[in-house]
Amino acid sequence: MRFKKIILSFLVIILLSFNAAAATKVVLQLNWKYQFEFAGYIAAKEKGFYKDVGLDVKIKEYNGTSVLNDVISGKADFGISDGGIFASMILNKPVVLLANFFKRSPLVLAVKPSIVTPLELKNKKIMAAENEFKFTSLGLLLKKFNIKLKDIILSKGAYSLEPFLKGKVDAVAIYLTNQPYKLNKLHIKYNIIDPANYGIFIYADNLFTSKRELEQHPHVVKRFVEATIRGWKYALSHKKEMVKIIYGSYSQAKSPDALMFEANAVENIMMPNVFPIGFIDKNVVSKIIWDFEDIMGIKRYSVNLDNFLYKPSMESFFTKRDINFIAKHRIVKICTNPDWVPIEYLKNGKAAGISIGVLQKLHKITGLKFVRVPTKSWSQSQEYLKEKKCDILPSAIKTKKREAYALFTKPYMHYELFIFAKNNKDFVNGIESLLNKPMARKRGSGLISKLKRMYPNIKIIETDSYKQSFEYVQDGKAYFTVATLPVADYYIRKYNLKDIVIIGDSGIGYDLRIAVRNDMPRLVDVLNKGLSKVSKKTIDKIYVKQINSNTVEKYNYLIVKILIIVSVVLIILSVIIYFVQQTNKKLRAVRDRLEESLKNFEILINSTIQTVIIYKNGVCIDANDVACEMLGYNKKELVGKNILELFSDKYKQIVSQKMQEEHTEVYEVEFIKKDGSIVYALAKGDYITINTEKVRVGSAVDITKIKHLQKQLNELNRTLEKRIAEEIEKNRQKDTIMMQQSKLASMGEMLSMIAHQWRQPLNTISANINTLLLKMELGGLDNEFLKEKLKNISEYVKHLSATIDDFRNFFRPDKQKDKITVEELINDTLKISGEQIESKNIKIELDLRYKGYIFTYANELKHVILNLINNARDALLENYVKEPYIKIISYEEKGNVFIVVCDNAGGIKEELIHKIFKPYFSTKSSESGTGLGLYMSKIIVEGHLKGTIDAKNTREGAEFTITLPK
């Protein structure tokens with residue numbers, strides 16, 4: 001029977017282990033109620049993305065507790081936070097920011113229509129709590145406009161729009177993702193004051209975990225983050241389905257229409273077409289921290305963000321062999337093309353260009369450091385790779401000739417080649433039409449060998465540089481050259497080669513790769529993996545930055561890219577129009593091309609989400625569909641209209657001034673629609689030249705909805721400060737109670753020890769008194785005998801007094817640090833407990849190797865040591881160990897002093913050892929233990945003594961190690 005029970009227990013353990021391995025349980029604590037704001041997490045759970053990576057996720061709705069405290073304390077594994085996470089970083093809380101989903105805070109103010117700017121908030125009544133202006137975008141907005149809380153009248157109340165709807169307050173805090181739906185439904189007139197319109201951006205909906213969770217379970221964290229991002233991608237592309245899931249299975253607090261409104265608003269705030277989902281910009285976080293430190297009155301730049309931002313382990317991407325290779329070959333020598341602007345060139349003696357921008361990204365991903373080996377020419381660079389004087393060529397075309405000495409990565413960029421000649425040459429359909437004409441091309445170019453294979457009879461003049469190739473065409477020494485648009489654009493503009501134009505498409509394109517010396521295949525693998533992490537969007541940014549380095553700004557990259565494409569299209573159109581005028585024979589073909597190009601141009605400017613208006617001398621000459629829709633005009637009505645007629649009187653002078661500038665920064669304007677209503681927008685303008693005519697391209701983004709959404713979202717944080725204060729008070733009271741319980745437990749231990757040490761002296765005193773009484777009764781009491789017994793009694797009384805002094809000194813609270821040796825600490829502690837322990841036949845072994853001093857709160861440290869000794873005693877007695885011992889060791893290492901207390905009681909169960917320092921957790925029975933001893937010991941060592949305390953099992957028992965600074 002006993003054997004069957006053992007087998008059954010064994011099978012149960014195996015089954016439980018299997019289930020645990022099958023799915024790791026984790027808890028996600030939300031910071032609000034179930035709604036579309038958390039659709040990514042719900043999608044990851046409902047569509048099985050978490051299950052796919054071995055996670056069983058419980059999503060907990062907000063219940064009024066502190067999300068940050070729940071995660072830090074281990075009640076939840078992951079949490080969602082807004083601005084509070086950044087305040088926690090400043091206060092050095094053990095948190096790690098894993099991903100960010102809202103690229104700006106949706107928290108704004110809904111205000112009466114008569115209020116337009118933040119300055120008008122002074123002396124206005126706002127329904128909010130003071131804490132809603134602390135670690136929030138609204139708090140930063142007030143600071144930016146120098147508005148103090150005393151300048152506004154705060155109206156505290158329940159989370160509701162009713163006071164604003166009834167006109168009892170001038171403004172109310174709302175979330176752009178939610179409350180505008182209700183305001184619009186009720187046809188309430190309101191304005192929005194949005195901090196984002198004034199350059200204040202705070203990340204919201206931040207996914208975070210504790211440092212402990214990341215250290216102990218890095219793979220769980222990685223899988224959770226990746227599955228969550230997958231969930232958000234699904235949620236944004238399946239909004240209707242997610243609305244049904246949330247409404248059907250999670251919450252019906254909002255109608256399906258309200259959830260769909262929120263879904264679209266959430267996507268606008270996440271900006272997935274601009275930023276990768278979950279992406280964290282370290283510069284943005286630094287700015288938020290900088291602003292919050294200013295509010296908190298803390299020294300700026302005090303936070304090391306590397307300690308708080310999640311960095312996925314390299315092992316999850318590179319193999320162990322890759323990592324070993326990177327460690328051994330950290331320096332990668334590169335040879336560059338010194339004259340291939342903008343792809344690769346030398347600038348002030350340093351390598352620059354698109355390829356170098358790609359290497360900079362690879363450096364961040366792989367950790368490889370790319371160091372240039374100086375060469376005089378592209379030919380020499382190729383020779384150096386052959387001779388293994390360098391390891392890679394950052395920009396190379398894969399050719400048969402080069403494959404003899406080099407390996408190649410996958411392509412990271414593709415280029416189309418165009419035919420360039422003087423503007424008096426006929427348009428051609430390809431290089432086949434020019435095989436009898438001389439072509440100029442830079443010596444060493446991989447294209448030369450490719451063209452000779454394709455066209456054996458082609459005539460190629462090899463030049464010393466790309467500049468010389470274009471000059472040969474300009475001077476008539478060559479009929480044409482072939483180049484990419486960015487290369488040609490650079491040389492034509494820089495050297496004023498106005499007579500050179502595109503006369504056709506070569507029909508040839510080539511892929512840009514990294515060439516690697518042929519004895520380093522592992523480097524190719526590492527670079528390919530790195531390139532897989534460099535997105536096309538990133539390479540496009542590098543491309544745009546290189547060809548427009550003087551005009552591209554950080555936040556208008558998309559606009560500039562559109563203008564560049566438009567410029568290219570216009571150049572091609574000019575070429576086509578020119579040749580239409582030159583030859584009637586090709587009229588139909590050219591007309592078809594023209595119509596197609598015009599169609600593409602129209603599609604191009606109509607595909608952007610921005611309003612685009614092109615005007616000359618202040619008169620509109622063209623506009624895209626977005627502009628017509630936004631302003632309520634058709635294109636015929638807009639063309640020929642004075643541009644200033646489209647703006648409100650308030651902004652006409654501002655726009656007129658901006659039109660004098662060559663390039664303008666983004667600024668806010670008010671358009672007047674055809675029906676007289678106002679459209680709020682962010683606008684900018686740039687002058688460009690088309691066919692020698694200077695025109696202005698104005699672009700704008702309609703922010704009317706955002707403005708109208710700026711009126712409802714502040715109530716969520718209204719009670720934040722109150723809740724924080726309540727939680728802090730609860731924690732303080734809890735710690736006070738636990739400290740009192742710990743003191744009572746220690747007092748019980750003390751009384752037990754006093755009783756033990758007094759028992760024998762009191763018995764002896766009692767025996768002596770009984771002897772004297774007996775002698776007196778029998779009449780045999782003499783003076784010598786009386787003196788001897790009284791002397792014995794006196795000695796024992798002194799011993800009792802000394803014992804009381806030892807206990808009083810031991811339990812006296814420390815007010816200042818003492819300089820004391822470890823030996824004194826241990827001996828003083830053993831005076832209290834040693835006799836009682838030895839009375840239980842427990843051997844105490846001392847190995848005190850450190851003989852120096854430590855500067856510490858001695859009595860507090862004695863309390864900790866006494867607690868460890870008593871725990872060891874109890875474990876030895878409970879387990880009936882035959883030859884019990886407690887060993888105390890001290891030693892010094894790397895500037896720290898270590899005190900070790902170990903025993904041979906069999907150790908602590910492995911499933912419990914990580915819990916022993918938690919409050920109210922005890923391995924003893926409820927009668928024997930309070931569960932506070934080790935918890936208070938940890939607080940004393942780590943909080944007061946600035947050290948650490950750890951526990952582990954040895955072969956014979958438990959071992960506790962106290963680490964202290966000297």
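Modeller: Happy to. Let's start with strand β3 (residues 78–81), where F78 and I80 point one way while G79 and S81 point the other way, and all are buried. In a regular strand, side chains alternate between the two faces of the sheet. Please keep in mind that this is a predicted model.

On to the neighbours of β3. Strand β1 (residues 24–29) runs parallel to β3, and two bridges join them. In that pairing, L28 stands opposite F78. Strand β10 (residues 204–210) also pairs with β3, this time in the antiparallel sense and over four bridges. Here G79 has F208 of β10 as its bridge partner.

There is also an open sheet to look at, with five strands in the order β7-β6-β8-β5-β9 and mixed pairing. Its edges are β7 (153–155) and β9 (191–193); each has a single partner strand, so one side of each is left without a neighbour in the sheet. From one strand to the next, the twist averages 35°. The partner of β9 is strand β5 (residues 107–111), which runs antiparallel to β9 and is joined to it by three bridges. Within this pair, A110 stands opposite I192 of β9. Helix α6 (residues 137–144) packs on the sheet, where it touches β5, β8 (171–175) and β9, and its direction makes about 65° with that of β5.

Next comes a pair of helices. Two packed helices are described by the angle between their axes and the distance between the axes. For helix α2 (residues 39–46) and helix α10 (residues 218–237), the angle is about 105° and the axes are 7 Å apart. An angle of 65 to 115 degrees counts as roughly perpendicular, so α2 is roughly perpendicular to α10. On the α2 side, the contact is made by A39, G40, Y41, A43 and A44. On the α10 side, A227, T228, G231, W232, Y234 and A235 take part. Sorted by class, the contact has eight nonpolar residues, three polar ones and no charged ones.

Just after α16, K388 takes a positive phi of about 65°.

One more residue is worth a visit: Y543, in helix α22 (residues 536–547). Its relative accessibility is 21%, so Y543 counts as partly exposed. Leaving aside residues up to four places away in sequence, Y543 touches I354, M413, Y415 and P486. From Y543 to S355 there are 188 residues in sequence, yet the two are 9.2 Å apart in space, C-alpha to C-alpha.

Finally, the whole chain. The protein chain has 33 helices and 34 strands. Of its 966 residues, 47% count as buried. Among contacts in the chain with a separation of 6 or more, 72% come from residues 24 or more positions apart.

Key:
Residues are numbered from 1 along each chain as its sequence is written. This is a predicted model: local features need pLDDT of at least 70, side-chain atom pairs count only at pLDDT 80 or more; totals for chains, interfaces and linings use all residues. Side-chain values use heavy atoms; hydrogens and water are left out. Axes are lines fitted to C-alpha atoms, for helices over the stretch in contact, and angles run from 0 to 180 degrees between N-to-C directions. Angles under 35 degrees count as roughly parallel, over 145 as roughly antiparallel, 65 to 115 as roughly perpendicular and the rest as oblique. Contact means heavy atoms within 4.5 Å. Ala, Val, Leu, Ile, Met, Phe, Trp, Tyr, Cys and Pro count as nonpolar, Asp, Glu, Lys and Arg as charged, and the others, Gly among them, as polar. Buried means under 20% relative accessible area, exposed over 50%, partly exposed in between (1.4 Å probe, protein chains only). Two strands pair if DSSP finds at least two bridges between them.
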